[in-house]
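Here's a quick briefing to read alongside the model. Have the sequence and the coordinates open as you go.

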Amino acid sequence: MNRILLLALTAGLLSPIAVNAERDEVRHICASMKVGEMSPKQGLKKLGLKVPRDSEEINNKAYNYCSSYLGSW
């Protein structure tokens with residue numbers, strides 16, 4: 001019984017860490033695109049999003065995703 005309780009507590013404490021790591025990675029990718037260290041096409045690929053064929057659509061999608069995820073670009 002103690003092992004099950006310990007396992008449940010450990011899982012509960014570690015799950016927010018994984019969420020924060022994912023959020024930080026998205027912030028890093030969006031910031032890299034904003035300062036020009038990464039192209040929007042590379043950023044969309046790293047974020048796991050479908051990359052449009054048109055370069056203007058790529059830029060708009062990256063901008064819209066980062067704006068909606070982070071609140072502002």
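Residues 24 or more positions apart make up 24% of the protein's contacts with a separation of 6 or more, a contact being heavy atoms within 4.5 Å. Keep in mind that this is a predicted model, where local features need pLDDT of at least 70, side-chain atom pairs count only at pLDDT 80 or more, and totals for chains, interfaces and linings use all residues. Numbering runs from 1 along each chain as its sequence is written, and side-chain values use heavy atoms, with hydrogens and water left out.

**Fold and surface**
- The protein has three helices and zero strands, taken from DSSP runs (helices H or I, at least four residues; strands E, at least two; numbered from the N terminus).
- Of its 73 residues, 19% are buried (under 20% relative accessible area; exposed is over 50%, partly exposed in between; 1.4 Å probe, protein chains only).

**Helix α2**
- Gly43, Leu44 and Leu47 are buried in α2, which spans residues 40–47.
- They sit on the same side of α2 because they cover an arc of only 100° around the axis, going by the directions from the helix axis to the C-beta atoms.
- Lys45 and Lys46 are exposed on the other side of α2.

**Salt bridge**
- The whole structure holds one salt bridge (a side-chain nitrogen of Lys or Arg within 4 Å of a carboxyl oxygen of Asp or Glu).
- Asp24 and Arg27 form a salt bridge at 3.8 Å, N to O.
- Both lie in helix α1 (residues 2–35), three residues apart, about one turn of the helix.
- Asp24 is partly exposed at 44% relative accessibility, and Arg27 is partly exposed with a relative accessible area of 44%.
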